[in-house]
Amino acid sequence: MLTPFNFPLRRAAPLSVTLALGLVLAACGDTASSSHNSGGGTIAVVDGIAEIIADDLEFDAATITAPAGQPFTVAFTNMEGVPHNFSVYVEEGGELISEGDIINEGETDEVEVEGLAAGEYFFVCDLHSGEMTGTIVVEG
Ligand SMILES: [Cu+2]
């Protein structure tokens with residue numbers, strides 16, 4: 001297990017989330033030894049687009065803020081030699097809103113997201129669902 005001393009900036013996932021993700025990872029044959037969440041930080045949708053990066057098995061933001069009722073694009077770039085994608089769900093384990101393509105190092109996928117009602121939504125790399133997750137906060 002990683003300790004807070006190893007990763008002082010990373011938040012531990014709530015226990016229920018950790019358990020749920022563990023089930024998903026078990027199904028994939030992966031072995032998650034930690035709640036290695038997204039790297040922290042918040043990015044905003046500006047002029048209909050938000051840019052997010054994956055590197056070191058992390059997204060570079062844990063939160064994306066977006067205005068309610070306005071479709072937007074997430075420009076997702078993979079910066080490492082491990083495939084990733086960016087997908088949006090109503091909630092963890094819930095209904096799919098947008099499924100991003102799996103992309104390789106140096107590629108960018110523009111993921112279109114419909115206008116959403118105010119609230120919180122779940123984003124994740126479907127290939128690393130125990131490690132690469134975050135929240136879309138829709139306001140307005
Ligand atoms: Cu991934």
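1. What share of the contacts in the protein with a separation of 6 or more comes from residues 24 or more positions apart? The share is 58%, where a contact means heavy atoms within 4.5 Å.

2. The model is predicted: local features need pLDDT of at least 70, side-chain atom pairs count only at pLDDT 80 or more, and totals for chains, interfaces and linings use all residues. Residues are numbered from 1 along each chain as its sequence is written, and side-chain values use heavy atoms, with hydrogens and water left out.

3. The protein contains 1 helix and 10 strands; helices (H or I, at least four residues) and strands (E, at least two) are DSSP runs, numbered from the N terminus. Read from the N terminus, the order of elements is α-β-β-β-β-β-β-β-β-β-β.

4. Of the 140 residues in the protein, 41% are buried, that is, under 20% relative accessible area, against over 50% for exposed and in between for partly exposed (1.4 Å probe, protein chains only).

5. An open sheet of 6 strands has the order E1-E4-E10-E9-E6-E7, with mixed pairing; two strands pair if DSSP finds at least two bridges between them. E1 and strand E7 (96-99) each have a single partner strand and stand at the edges, so one side of each lacks a neighbour in the sheet. On average, neighbouring strands of this sheet are turned by 25 degrees against each other, direction ignored; the axes are lines fitted to C-alpha atoms, for helices over the stretch in contact, and angles run from 0 to 180 degrees between N-to-C directions.

6. Strand E4 (residues 63-67) has 4 of its 5 residues buried. Strand E1 (residues 42-44) pairs with E4 in the parallel sense over 3 bridges, and Ile43 has Ile64 as its bridge partner in E4. Strand E10 (residues 133-139) runs parallel to E4 and is joined to it by 5 bridges. Thr63 is opposite Thr135 in E10, while Pro67 has Glu139 as its bridge partner.

7. The copper ion has the protein donors His84 (ND1), Cys125 (SG) and His128 (ND1), at 2.0 to 2.1 Å. Donors are N, O and S atoms within 2.8 Å of the metal (3.2 Å for Na, K and Ca); water is not among the atoms, so sites may look incomplete. His84 lies in the loop between strand E5 (72-78) and strand E6 (87-89), and Cys125 in the loop between strand E9 (119-124) and E10, so the pair ties together parts that are 41 residues apart in sequence. Both His84 and Cys125 are buried.
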